[in-house]
Amino acid sequence: MHSTLIVARMELGSADDVARLFREFDATEMPHVMGTRRRQLFAYRGLYFHLQDFDDNDGGERIETAKSDPRFVAISEDLKPHIEAYDPATWRSPADALAHRFYQWNAS
């Protein structure tokens with residue numbers, strides 16, 4: 001399994017709206033198109049963490065392909081009032097918001 005973790009800033013009090021937007025998005029076939037197997041959203045003191053699990057390492061490529069889908073474009077726009085880049089000065093694409101794993105442990 002492959003995972004990505006997006007880190008951004010979230011307006012305080014927006015968790016319910018963000019969860020609703022993703023609940024509606026995840027009820028479509030879009031997660032399957034993107035290869036998403038699990039999505040978890042976390043908030044901590046104005047920060048937003050979006051953990052997404054994929055079956056394999058092609059999740060990034062599949063998301064790139066899905067980015068032109070009107071449903072992907074719509075959720076991106078709908079999230080803008082709630083979510084903003086962690087560092088707007090350096091943000092150019094969603095890849096700039098990905099945390100980098102530096103340690104992993106799995107039970108045997």
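Is Lys80 buried or exposed? In this predicted model, Lys80 is exposed, with a relative accessible area of 53%.

**View 1. The salt bridge between Lys80 and Glu77.** The two side chains meet at 2.8 Å, N to O. Glu77 is partly exposed, at 45% relative accessible area.

**View 2. The salt bridge between Asp26 and Arg39.** The N to O distance is 2.7 Å. Asp26 belongs to helix H1 and Arg39 to strand E2 (residues 36-44), so the pair ties together parts that are 13 residues apart in sequence. Arg39 counts as buried at 16% relative accessibility, whereas Asp26 is partly exposed at 31%.

**View 3. Further salt bridges, from a total of nine in the structure.** Glu64 and Lys67 pair through their side chains at 3.3 Å, N to O. Lys67 is partly exposed, with 27% relative accessibility. A network of salt bridges links Glu29, Asp69 and Arg71.

**View 4. The largest pocket, with a volume of about 1000 Å³.** Its lining has 37 residues, and Ile6, Phe72, Ser76, Trp91 and Pro94 lie nearest the centre. Elements giving two or more residues to this lining include strand E1 (2-10), helix H3 (59-66) and helix H4 (70-79). H4 supplies the largest share, six residues. By class, the lining has 21 nonpolar, nine polar and seven charged residues.

**View 5. The second largest pocket, with about 300 Å³ of space.** Of its 13 lining residues, Ser3, Leu5, Leu51, His100 and Arg101 are the closest to the centre. The largest share, four residues, comes from E1. The lining divides into six nonpolar, six polar and one charged residue.

Terms used. Residues numbered from 1 in each chain as written. Predicted model: local features only at pLDDT ≥ 70, side-chain atom pairs only at ≥ 80, totals over all residues. Heavy atoms only, no water. 1 Å grid on protein atoms, 1.4 Å probe; cavity = no way out; pocket = protein on both sides within 12 Å on 5 of 7 lines; lining within 4 Å. Points joined across faces, edges and corners; volume = space filled by probe spheres on them. Nonpolar A, V, L, I, M, F, W, Y, C, P; charged D, E, K, R; others polar. Salt bridge = Lys/Arg side-chain N within 4 Å of Asp/Glu carboxyl O. Buried < 20%, exposed > 50% of the residue type's maximum accessible area, 1.4 Å probe, protein only.
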